[in-house]
Amino acid sequence: MSRLTLTKLRKMKQQGEKIAMLTAYDASFAALLETAGVEALLVGDSLGMVVQGQESTLPVTMDDMVYHCRNVVRGSHRAFVLADMPFMSYATPTQAVDNAARLMREGGAQMVKLEGGSLLRKTVEQLTTRGIPVCAHLGLLPQSVHRIGGYRVQGREESSAQQIHEDAVILQQAGADMLILECVPARLGNEITQALEIPVISCGAGPDCDGQVLVLYDLLGISPGKPPSFSRNFLDGADSIPNAIQAYVSAVKKGQFPTLELSY
Ligand code: KIV
């Protein structure tokens with residue numbers, strides 16, 4: 001297999017080489033991103049907002065995810081491809097196994113991503129013991145937006161920071177091979193990255209994680225609505241989309257993105 005593997009991504013963490021990840025939803029951008037040096041493509045359920053024009057990620061279905069994942073896999077050859085399990089597609093461990101199998105078999109994903117803490121321990125065990133790699137997602141959980149009451153920074157208070165840290169350790173023990181930390185203070189991003197053996201990718205979790213991910217349309221400044229305060233429009237100052245993406249990869253690799261000003 002010529003695609004980047006989890007072994008390679010783990011080696012990058014050990015060697016201190018930053019991982020550049022971006023969301024992708026179609027074949028053309030998938031090809032362009034990997035050519036620009038993006039190592040991992042996340043078929044995010046953010047497609048509900050940036051592709052479908054929905055208000056949240058909640059309406060995204062398994063069929064939507066399989067469709068977009070298949071297109072991203074078709075357009076790329078070297079990048080590692082992971083895909084979101086959409087809202088309520090992993091409500092029970094059995095449902096999670098069936099739907100994750102679809103994402104891998106029909107969509108061609110190498111890994112699936114699930115939002116949630118230690119309540120998912122059993123689900124992560126069921127998936128990973130069946131050979132399905134899992135990326136955990138902690139901090140701001142967009143699929144829980146109505147419970148949280150909006151898209152807010154998580155882990156500011158000591159008790160919630162501790163909860164997120166404990167959840168990260170439990171999910172790694174359950175077999176998760178990667179963690180995305182969304183919208184948490186940079187100090188917490190740093191602590192969890194130091195504590196875990198698996199790669200920790202920051203989405204608004206500060207500069208010290210093992211890698212960075214942004215929603216592609218935020219990076220290009222074309223997302224509807226206000227972009228998150230931790231993102232940067234890389235098309236500003238670049239003369240083309242490929243150059244904007246290369247500027248993102250270069251900034252991530254050099255540890256120049258995000259700056260502390262773009263962190264919490
Ligand atoms: O759906 C998505 O794009 C994501 C990223 C914001 C991490 O989960």
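Leaving aside neighbours within four places in sequence, which residues is Asp84 in contact with?

## Asp84

In this predicted model, Asp84 is in contact with Leu42, Val43, Gly44, Asp45, Met65, Leu103 and Lys113, leaving aside its neighbours within four places in sequence. Asp84 is found in strand E3, which covers residues 80-84. Its relative accessible area is 2%, so Asp84 is buried.

An unreviewed UniProt entry gives the annotation "binding site" to Asp45, Ser46, Asp84 and Lys113. These residues span 69 residues in sequence, but no two of their C-alpha atoms are more than 12.5 Å apart, so they gather at one spot.

Ser46 sits in the loop between strand E2 (40-43) and helix H3 (47-50). Ser46 has 14% relative accessibility and therefore counts as buried. Not counting residues up to four places away in sequence, Ser46 touches Thr23, Tyr25, Thr57 and Val215.

## Backbone exceptions

Most residues other than glycine have a negative phi, and most peptide bonds are trans. The residues below depart from these patterns.

Met88 is not a glycine, yet its phi is positive, at about 65°. Met88 lies in the loop between E3 and helix H5 (93-105), and is exposed, with a relative accessible area of 51%. Cys183 also has a positive phi, near 50°. Cys183 lies in the loop between strand E6 (178-182) and helix H9 (186-195), and is buried, with a relative accessible area of 6%.

Phe257 and Pro258 are joined by a cis peptide bond, with omega about 0°. Pro258 lies in the segment after helix H11 (241-253).

Conventions. Residues are numbered from 1 along each chain as its sequence is written. This is a predicted model: local features need pLDDT of at least 70, side-chain atom pairs count only at pLDDT 80 or more; totals for chains, interfaces and linings use all residues. Side-chain values use heavy atoms; hydrogens and water are left out. UniProt positions are given in the numbering used here, feature names are shortened, and annotations may be inferred rather than shown by experiment. Helices (H or I, at least four residues) and strands (E, at least two) are DSSP runs, numbered from the N terminus. Buried means under 20% relative accessible area, exposed over 50%, partly exposed in between (1.4 Å probe, protein chains only). Contact means heavy atoms within 4.5 Å.
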